[in-house]
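Look at the sequence and the model, then read on.

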Amino acid sequence: QVQLVESGGGLVQAGGSLRLSCAASGYIMSIDAMGWHRQAPGKQRELVAVIRSDGGTGYADSVKGRFTVSRDNAKNTVYLQMNSLKPEDTAVYYCNADIVSDYRKRNYWGQGTQVTVSS
C-alpha cells in the first residue's frame, strides 16, 4: 500500500519561512510528477507547485519567487521551501504524486499539514 506522509507545517509570523516534506512509502516502482496543493477555509483546493520526474517545475503565480519545490528521488520525497510567508498563505497543504505501483499508475494524496501565518 502506497502512502504519502507530510510534515513540517506549523505557525509562523509573516515574513518567516517553513519547509514542508512529503515522503512516499510502500511498494513503489516509479514516481512521475509530485506536487503541492493547498486549501484555505472556504476556498477551493489550488495547485501551489509541481515538479516532474525530470526536475521541471511549475508554480502558482501567487507563490512564484517565494516558494521552491524540490525532490529527492532516492528518498521518494518532495519538499516545499516557503519563504516570505504571508497571512494569505494560511491553508492546509497537501502533497500528491503520480506513482506507479504494481504496474499501475495512480494519483495519491497525503493527509495534509496545517500552515498558519500570523500577521
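Cysteine 22 and cysteine 95 are both buried (under 20% relative accessible area; exposed is over 50%, partly exposed in between, with a 1.4 Å probe and protein chains only). A disulfide joins cysteine 22 to cysteine 95, S to S 1.9 Å; the term means a pair of cysteine sulfur atoms within 2.5 Å. By this rule there is one disulfide. Cysteine 22 sits in strand β3 and cysteine 95 in strand β9 (residues 91-101), so the bond ties together parts 73 residues apart in sequence.

This is a predicted model: local features need pLDDT of at least 70, side-chain atom pairs count only at pLDDT 80 or more, and totals for chains, interfaces and linings use all residues. Residues are numbered from 1 along each chain as its sequence is written, and side-chain values use heavy atoms, without hydrogens and water.

Strands are DSSP runs (E, at least two residues), numbered from the N terminus. Two strands pair if DSSP finds at least two bridges between them. Four strands form an open, antiparallel sheet in the order β1-β3-β8-β7. β1 (3-7) and β7 (67-72) stand at the edges with a single partner strand each, so one side of each has no neighbour in the sheet.

| Strands | Bridges | Opposite residues |
|---|---|---|
| β3 (residues 18-25) and β8 (residues 77-82) | six bridges | serine 21 and tyrosine 79 |
| β5 and β6 (residues 57-59) | three bridges | isoleucine 51 and threonine 57 |

β4 and β5 form a hairpin with six residues between them. Glycine 42 in that turn has a positive phi of about 75°. The hairpin of β5 and β6 has five residues between the strands, and glycine 55 takes a positive phi near 95°.
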